[in-house]
Amino acid sequence: MDGAVVNPVHVSHGFKKETWKHTILLAFQSLGVVYGRLSTAPLYVFGSIESKDIQSQNEIHELFSFIFWTLTIIPLMKYAFIVLRADDDGEGGPFSLYSLLCRHAKVGLIPCNKTSSKIDDNEAENPSLIKLESKARRAIEKHKSTHYLLLFVALLGACMIISDAALTPAISVLSATSGLGRSLAKILVKFASSDETKDHLTKALKKYVPMPVACAILVCLFTLQRHGTDKIGRIFAPVVITWILFISCFGMYNIIQCDSQILHAISPIYMLRFIKKINIKHWKLLSSIVLCIAGSEAMFADLGHFSKRSIKVTFVCIVYPALLLTYAGQAAYISRHFGADDVFHLSESIPNRILQHAFAVLSIFASAIGSQATITAGFSIINQCQALDCFPRVKVVHTSEKIHGQVYVPDMNWIFMVLSIAITIGLHDISQLGKATGLAVTAGMLVTTFLMSLVITLYWEKNLSISACFLLFFGSIEAMYMVASLMGFFRGAWCLIILFFLFMTVMVSWHYGTVKKYEFDVENKVSIEWLTDYSPGLGVSRVPGIGFIYSDIELGIPAFFSHFITNLPAYHQVLIFVSLRSSPIPHISENRRYLIGRVGPREYKIYRCIVQYGYCDNVRDTDDFENQIIRSIGEFITRENYDYEALASSEGKMMDIGSPMEDGIALIPFKDNVSNFNSRDLVSSESRRNLLDIPSGSGHPPSQKKKVRFTMPPKSPEMQASVRQELEDIIDAREGGTAYILGQSHLIASQGSNFVKKFLIMVYVFLDKNSREPPVELNIPNAALLEVGTVYSI
């Protein structure tokens with residue numbers, strides 16, 4: 001559609017200018033959400049190592065050297081000081097990096113990316129936003145294969161984070177309940193009468209207690225998710241602070257009492273000694289050591305829930321030094337008591353027996369909280385993927401009015417719970433869970449490193465050598481750990497591969513079906529002239545009311561509506577074609593939300609509304625969505641009279657509507673008394689009853705809802721008689737009722753299609769039938785809904 005479109009204003013978090021008071025508050029909450037997993041990793045880093053793989057005390061020092069430098073290089077250097085700077089208007093994760101590349105390198109394959117280029121056209125008008133052409137950008141934009149590669153990499157990173165949201169709760173909680181089993185064994189063996197009974201009781205408690213307790217805790221953990229990040233952070237943060245103080249204090253105690261020489265292991269010489277004698281067993285050890293940075297990706301993926309400064313300050317000042325003390329103390333204890341039973345478990349490094357029992361209880365709470373980081377990161381990624389048409393329709397609940405990125409996805413929450421419980425029961429071994437989790441962590445980090453290197457060149461416009469150094473330095477370290485994790489494929493890593501194929505199949509199938517359906521709609525659309533010039537020849541009549549026609553295309557008439565007119569030759573007094581445009585940016589300002597234009601001559605009263613939203617905006621579930629569109633059309637009619645370019649345009653110029661005019665708005669909404677949204681309210685004539693095809697004896701009770709009506713402002717500005725008449729016609733049409741017409745697609749594979757195409761379409765059809773219905777997503781009353789079926793042969 002021709003016409004100028006104004007660049008939307010990006011809206012960041014609720015705090016436009018973050019004060020230190022806000023930073024401290026968010027930093028406090030981030031401890032309970034973002035850093036719960038990093039701080040509970042000591043439960044299973046050394047605990048996932050099999051004692052037979054360690055041959056000497058010196059290897060403990062060498063492994064701690066790896067932990068020290070891995071924590072310093074990856075979460076501190078890479079994430080805290082580099083990657084956090086590449087946020088997409090306050091949003092993080094692989095899809096935020098991909099969205100930056102879509103806008104600044106034009107590599108988008110998603111249908112919304114093709115139209116969103118109109119939004120970004122006006123960025124070129126701002127000299128500060130002009131991006132210099134580079135060979136790298138031209139090469140990436142030219143070759144279509146690179147576009148598919150980038151989308152695959154972004155989906156790979158999303159799959160790793162989503163899979164991690166199911167793996168992390170399993171390993172975190174099972175590690176804590178294993179400590180509980182050992183603690184109970186130490187308490188109850190005191191009451192045993194013989195050594196044989198003690199051994200039997202100890203083995204039974206260690207074997208049968210951890211798993212049932214872990215499953216019960218997982219159910220409680222996922223049940224709490226509906227309360228939102230803000231409340232959960234406030235509840236969990238004090239526990240995490242207590243946990244961090246507890247383990248760091250005893251870490252310092254063990255350094256002093258057991259082996260103060262462990263501090264010398266921060267020298268990289270110890271790592272070189274380990275590398276010189278490396279073999280298959282040593283590679284397996286590295287697959288456990290990488291778990292010390294499990295949760296680092298959440299620092300970036302959970303960015304939408306907090307702020308860059310709060311996440312960075314919390315990690316540098318609290319989490320990083322506390323973790324170093326904890327790991328150093330645990331390594332010192334293992335070195336001193338090398339060869340003892342259960343020496344690799346963190347609970348054994350607590351010197352006092354009573355404090356060990358207190359530790360067992362505290363670790364259960366801390367491990368449950370530690371899972372929160374990946375769960376919230378999974379919600380954020382799913383929200384981004386769904387908005388960019390890479391994930392089936394699911395309900396997304398925005399749990400905070402101030403921070404847009406705090407979301408809760410109920411459907412996926414229960415899927416995560418089922419997967420976590422199934423993984424806990426199926427693997428029931430910390431070592432195997434560690435292999436799968438380590439592979440998810442390293443694969444997700446490699447994706448971020450790859451996309452970040454492109455952002456450095458294409459968005460930050462740094463020298464290509466800087467981007468290459470970033471990729472080689474961090475990528476080589478993460479690749480080393482990923483190879484180590486892959487070596488444990490048959491020892492648990494296979495579980496992640498299954499999860500990866502499951503989620504990747506869902507995302508690729510949904511993306512493929514969405515793209516093909518969009519292309520079919522574009523190819524089979526009907527011209528505007530067919531509706532305005534030829535439809536009267538078919539005997540088409542106009543009936544009272546407003547008709548909302550939802551479609552994906554932004555030009556012409558959708559094929560399903562022409563099919564509707566051909567079979568039922570009537571349409572409403574006012575027609576509004578509504579298209580929802582998801583843009584690869586997090587947020588679009590409210591005053592740039594609606595693009596309004598006219599379809600055909602003025603006397604036909606047919607309008608087009610393009611609703612723009614970012615991948616973190618909550619647009620469809622708002623109760624006043626329909627009223628905002630009607631109000632925006634009233635604004636458009638009033639403004640159009642003063643826009644000569646719009647009057648001269650054949651189809652009308654698209655205008656940004658949202659902020660009221662200086663002289664007052666054109667239509668004022670007000671709530672009427674409670675009315676029943678049933679067939680009698682929505683149908684004012686027999687012809688309209690036939691049009692909507694609403695059965696008179698519907699068994700569904702009418703829904704109660706406040707009916708919003710419109711009126712002209714008492715002190716309306718001077719306007720032409722034709723403008724006032726058109727506004728009054730819209731008010732009358734609104735009084736006549738509202739109907740919603742949606743296209744119901746049925747995808748089938750064309751004859752001769754290969755197996756892959758048939759499989760993707762089959763999966764898409766299954767997901768489409770079992771995902772959230774569009775009427776529910778748009779809050780459309782069932783009594784006013786008409787769906788027109790269309791068969792898509794692709």
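**Entry 1. The loop at Lys605**

I began with Lys605, which lies in the loop between strand 5 and strand 6. The structure is a predicted model, and I kept this in mind for every entry. I looked up the backbone angle of Lys605 and found phi near 55°, a positive value in a residue other than glycine. Is Lys605 buried or exposed? Its relative accessibility is 17%, and because buried means under 20%, Lys605 counts as buried.

I then looked for a partner of this side chain. Lys605 forms a salt bridge with Asp729, and the closest N and O atoms are 3.5 Å apart. Asp729 belongs to helix 27, whereas Lys605 is in the loop, so the pair ties together parts that are 124 residues apart in sequence. Asp729 is buried, as Lys605 is.

I stayed with helix 27 and looked up Glu726. Glu726 forms a salt bridge with Arg598, with 2.8 Å between the closest N and O atoms. This pair links distant parts of the chain: Glu726 sits in helix 27 (residues 721–736) and Arg598 in strand 5, 128 residues apart. I checked the exposure of both. Glu726 is buried, with a relative accessible area of 3%, and Arg598 counts as buried at 4% relative accessibility. I also noted a network of salt bridges that links Arg598, Arg602 and Glu726.

How many salt bridges does the count come to? The total is 10 salt bridges. I recorded the general idea that side chains of opposite charge can pair when their charged atoms come close.

For another case I looked up Lys516 and Glu519, whose side chains meet in a salt bridge of 3.8 Å, N to O. These residues are three apart in helix 20 (residues 493–523), and Lys516 and Glu519 are therefore separated by about one helical turn. Lys516 counts as partly exposed at 26% relative accessibility. Glu519 also counts as partly exposed, at 34%.

Strand 5 (residues 594–598) and strand 7 run antiparallel and are joined by three bridges. Within this pairing, Ile596 stands opposite Met655 in strand 7. I also looked up what packs on the sheet.

I looked up His428 in the loop between helix 17 (410–427) and helix 18. His428 has a positive phi of about 40° although it is not a glycine. At 48% relative accessibility, His428 counts as partly exposed.

Next I followed helix 18 (residues 430–458) to Met452. Met452 has 0% relative accessibility and counts as buried. With neighbours within four places in sequence left aside, Met452 is in contact with Ile82, Val83, Ala86, Leu97, Trp460 and Phe470. I also noted that Met452 and Leu101 are 351 residues apart in sequence but 9.7 Å apart in space, C-alpha to C-alpha.

**Entry 2. Helix 3 and the whole chain**

I checked helix 3 (residues 57–80), which has 24 residues. From its first C-alpha to its last it reaches 33 Å, close to the 34 Å expected at 1.5 Å a residue.

Finally I recorded totals. The chain has 29 helices and 11 strands. It has 794 residues, of which 59% count as buried. Among contacts with a separation of 6 or more, 85% are between residues 24 or more positions apart. The chain exposes about 32,200 Å², and carbon and sulfur atoms supply 60% of this area.

Note on methods
Residues numbered from 1 in each chain as written. Predicted model: local features only at pLDDT ≥ 70, side-chain atom pairs only at ≥ 80, totals over all residues. Heavy atoms only, no water. Helix = DSSP H or I, 4+ residues; strand = E, 2+ residues; numbered from the N terminus. Buried < 20%, exposed > 50% of the residue type's maximum accessible area, 1.4 Å probe, protein only. Contact = heavy atoms within 4.5 Å. Areas by Shrake-Rupley, 256 points an atom, 1.4 Å probe, with all protein chains shown as cover. Expected span 1.5 Å × (residues − 1). Pairing = 2+ DSSP bridges. Salt bridge = Lys/Arg side-chain N within 4 Å of Asp/Glu carboxyl O.
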